[in-house]
Every structure is written in C-alpha cells, then in structure tokens.
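Thank you all for coming; I would like to walk slowly through one structure with you today, and please keep the sequence and the view side by side while I talk.

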Protein chains: 2
Amino acid sequence: MEQGRLEFWFEFASTYSYPAAMRIEEAAGAAGVPLKWRPFLLGPIFASQGWGDSPFNLYPAKGRYMWRDMQRICEKYRLPFRRPGKFPRSGLLAARVALAAEAEPWCPRFVRAVYRANFAEDRDISRLETVAEILASVGQNPREMVARAESSENKQRLREQTGWAAALGIFGAPTFIIGNELFWGNDRLEDALEFYRRTISPIA
Amino acid sequence: MEQGRLEFWFEFASTYSYPAAMRIEEAAGAAGVPLKWRPFLLGPIFASQGWGDSPFNLYPAKGRYMWRDMQRICEKYRLPFRRPGKFPRSGLLAARVALAAEAEPWCPRFVRAVYRANFAEDRDISRLETVAEILASVGQNPREMVARAESSENKQRLREQTGWAAALGIFGAPTFIIGNELFWGNDRLEDALEFYRRTISPIA
C-alpha cells in the first residue's frame, strides 16, 4: 500500500500540467503531504482513445478555450505564460530524464525548468539541445544524464510507467492519485490535498 | 452589450451541470451578480465534433472517473446523488420548457427539480409524464406549459439558442459566460463570479 502520499502524474506536453508542476511542491509541503513525481506519456493513452493529436487540436473550440483559460490561470497564480509556437511538443526525452532522475533532489527543479521552457519561454523542449541546456542550468552533466535517460532500461521503465498510468485509469494530465483516488486537472490539486487530510491518518 | 450579468448555459443531460444548477442562484445572489439561465442542447454540438454519444460513454476511463468525481462533488456540496440507471437521458422536453418559461419566477425551481429527478432520484426526465409531474410540483399547469414548450416557435427558439451556444464557442456544459469570457465546468463558477467582480463596474 502506498496510500500515504500524493502521486503527481504529469506529461511535459500538457498545458494544465504546467501550473500544477509549478505549484505542487509548495502546496504539498504546506499541507504536509509526501509527494511522488510520476512522469508519463499521454500519447499512447490518447492513441488508445483513437486520437492522433491533442484533443485541444482535434476539437478547436476546446482548444481556443484552453489557451484563454491558461492565460487566466497563469495570471491567477502569477506564473509567466507564453503560448508555445508549436503545440504539443514531444516531452519524451524530458520524461525519460525526469524518470531516470526521480531519486535526485534536483529533479523537481528540472521538471519546473522544462515546463517554463515550453510554456513561458516558447523553447523547443523536444530537442536534445534544449534538454541539455536545462540539465546544465540545474547543475547536472547533460551528457551523462542524457545517457542514463536514453538507456534501454530507462526507456523500458517509462513505457511501463505509462502502461501503469493507463491501468490506474489515467486519461489525462495532470492527475493526482492518493491511494485509489484519482483527481484530474490542475484545478483539483486542492481537492486532492483536502482528501489526503481527511482520509490518511497521520502517524503519531 | 450584455456584459453586466452572468449567463448560465446548461444541458439537463449533463452531470456537471447538476451541482452548478443547484448552487448558482445562491452563489450569484451572494456575489450580487445578475443571472440569466440559458438552456441548450449539447447533442448537436457533440455531433459536430463527431460524437454520437456522451464522451463519458465514448471514453470509458473518463466516464468511470466522472461518476466517482460526481459522488465526491455532491458530498462536498451536500447534494443528494444517485447514479442514473440510464445516461445520458434526453433533456429535450425539459429544455423546451425551461426556455419557454425563462421569464417566469418559478423557472429556476423547475430547473433544479429536473436535475434532482435525473441525478438524485433516477427518474426518466426524457418522459412527458416526468416533466409534467415536475411542472405540477412547482405549481404549474402541465398541459398548458407543455403546449407552450412544444409550440413550433419555441422549438425553433431552442434550435437557435443551441446554434448561438456553438457560435459563442461553447463545447460543453455547464458554461458560464460574462461578456466574451467563457468559463467551463461546475468548478469554475467561483472563478466566473470573481471575474465579474474584478471586471464589471458596478452602477452607482
């Protein structure tokens, strides 16, 4: 049983994962909730629903709404935001890095820097050069870390983690999981933390 | 310009419209925001996106999540909830009544009673008998009101209102509109009211 924590399932291409990623460490910390970062890929999950692209591209009215909504949300949380010149951008390499680095104390900083690059700086996070620059910016050796990320073992782990996401019932990002409870969407972070408070007994 | 109010666009078959419909009159009243109820049909809008059924049926993981989420939301707002034996149920007749009655003071009570019938009492709101009973329960003459609802003028008005919804960029329900700003989802009601407070100048 891994009920005593909040799992944060995120995809680097996902717009609403951006504000969630920027807020979650502080919010979970303030609520005293242990946090587990869980990078995964939405692409295979969307493909299994018959979607070859982001639903925000497939359904234009929904897409137009989402971009305006992102502006408002980022204003609300005082987060910088610039609509990316390309959407979605593949978060595959960044997700591999985040998974390979999940035990490293700098991992959350890396995750936030990737989101900032994509959604505040309009940089192409699908490119090796961008990910390498971000790794360097958080004090890591890009060559070494990319090699770990691109190892066949780590690639396989990300595939498994994505399969696990589907098995858990995840259909979008961000998703917060506590025990068997799913909360979908940046706007549910507070509900997830409140659920934790009400249901998880603190260890005295 | 009709900026000085909040438009509540709802569909009787829509699960998340239920808590919004139950909460909105009190919430808007407390915030001093004039409210306009706007029944419409999601069916034609979904059809234009290629969906012949509710996305909650077309995408089972999303559907499973939604039903659990509805339980949690209704607990949160202390609303009765029973998962309907059939979903979705056509809200066509009820929407025609709500539109024909939009100027009547009992209209909000009728709307809430229809939602309660569908999502708390598992009654078949698509049936004339159910709608007639609900009309009687709010003190109206069912025969007379159904005749007004089923007039060709009123049917045409509902078609136009649904076309207008699509033109406004509505792709789901509930949707709250203030001026040109859309807020989608029960969980955005408070954001919509806050937007009103910040942007609409009160008349002294």
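This is a predicted model: local features need pLDDT of at least 70, side-chain atom pairs count only at pLDDT 80 or more; totals for chains, interfaces and linings use all residues.

Asp122(A) lies in the loop that links α6 (107–119) with α7 (128–137) of chain A, and its phi is near 50°, a positive value in a residue other than glycine. Most residues other than glycine have a negative phi, and most peptide bonds are trans.

Turning to chain B, we meet a cis peptide bond between Ala173(B) and Pro174(B), where omega is about 0°. Pro174(B) has its place in the loop between α9 (152–167) and β3 of chain B, and that brings us to the strand itself. Which residues of β3 (residues 175–178) are buried on each side? On one face they are Thr175(B) and Ile177(B), and on the other Phe176(B) and Ile178(B), so that both faces of the strand are covered, given that buried means under 20% relative accessible area.

The strand β3(B) has partners as well. Strand β1 (residues 6–10) of chain B runs antiparallel to β3(B) and is joined to it by three bridges, with Phe8(B) standing opposite Phe176(B). With strand β4 (residues 181–184) of chain B, β3(B) pairs in the antiparallel sense over four bridges, and there Ile178(B) stands opposite Glu181(B). β3(B) and β4(B) form a hairpin with two residues between them, and Gly179(B), in the turn, has a positive phi of about 60°.

Please keep Glu181(B) in mind, as it leads us across to the other chain: Glu181(B) forms a salt bridge with Arg68(A), in which the closest N and O atoms are 2.9 Å apart. Across the interface of chain B and chain A the rule finds ten salt bridges, and it also finds 16 residue pairs in polar contact, both residues being at pLDDT 80 or more. On the side of chain B that touches chain A, the elements giving two or more residues are α4 (60–76), β4 and α10 (189–199) of chain B, and the largest share, eight residues, comes from α4(B). By class, that side has eleven nonpolar, two polar and nine charged residues. Altogether, 22 residues of chain B are in contact with 22 residues of chain A, and the two chains bury about 2,100 Å² between them, 49% of it on carbon and sulfur atoms.

Let me end with Pro34(B), in the loop between α1 (17–31) and β2 (35–39) of chain B. Although Pro34(B) and Arg5(B) are 29 residues apart in sequence, their C-alpha atoms are 4.8 Å apart in space. Leaving aside residues up to four places away in sequence, Pro34(B) touches Gly4(B), Arg5(B), Leu6(B) and Tyr196(B), and with 40% relative accessibility it counts as partly exposed.

Conventions:
Residues are numbered from 1 along each chain as its sequence is written. Chains are lettered from A and ligands numbered from 1 in the order in which they are written. Side-chain values use heavy atoms; hydrogens and water are left out. Buried means under 20% relative accessible area, exposed over 50%, partly exposed in between (1.4 Å probe, protein chains only). Two strands pair if DSSP finds at least two bridges between them. Contact means heavy atoms within 4.5 Å. Buried area is the accessible area (1.4 Å probe) that two parts lose on being put together, summed over both. A salt bridge is a side-chain nitrogen of Lys or Arg within 4 Å of a carboxyl oxygen of Asp or Glu. A polar contact is a pair of N or O atoms within 3.5 Å; within protein, one must be able to donate a hydrogen and the other to accept it, and residues adjacent in sequence count only if both atoms are side-chain atoms. Ala, Val, Leu, Ile, Met, Phe, Trp, Tyr, Cys and Pro count as nonpolar, Asp, Glu, Lys and Arg as charged, and the others, Gly among them, as polar.
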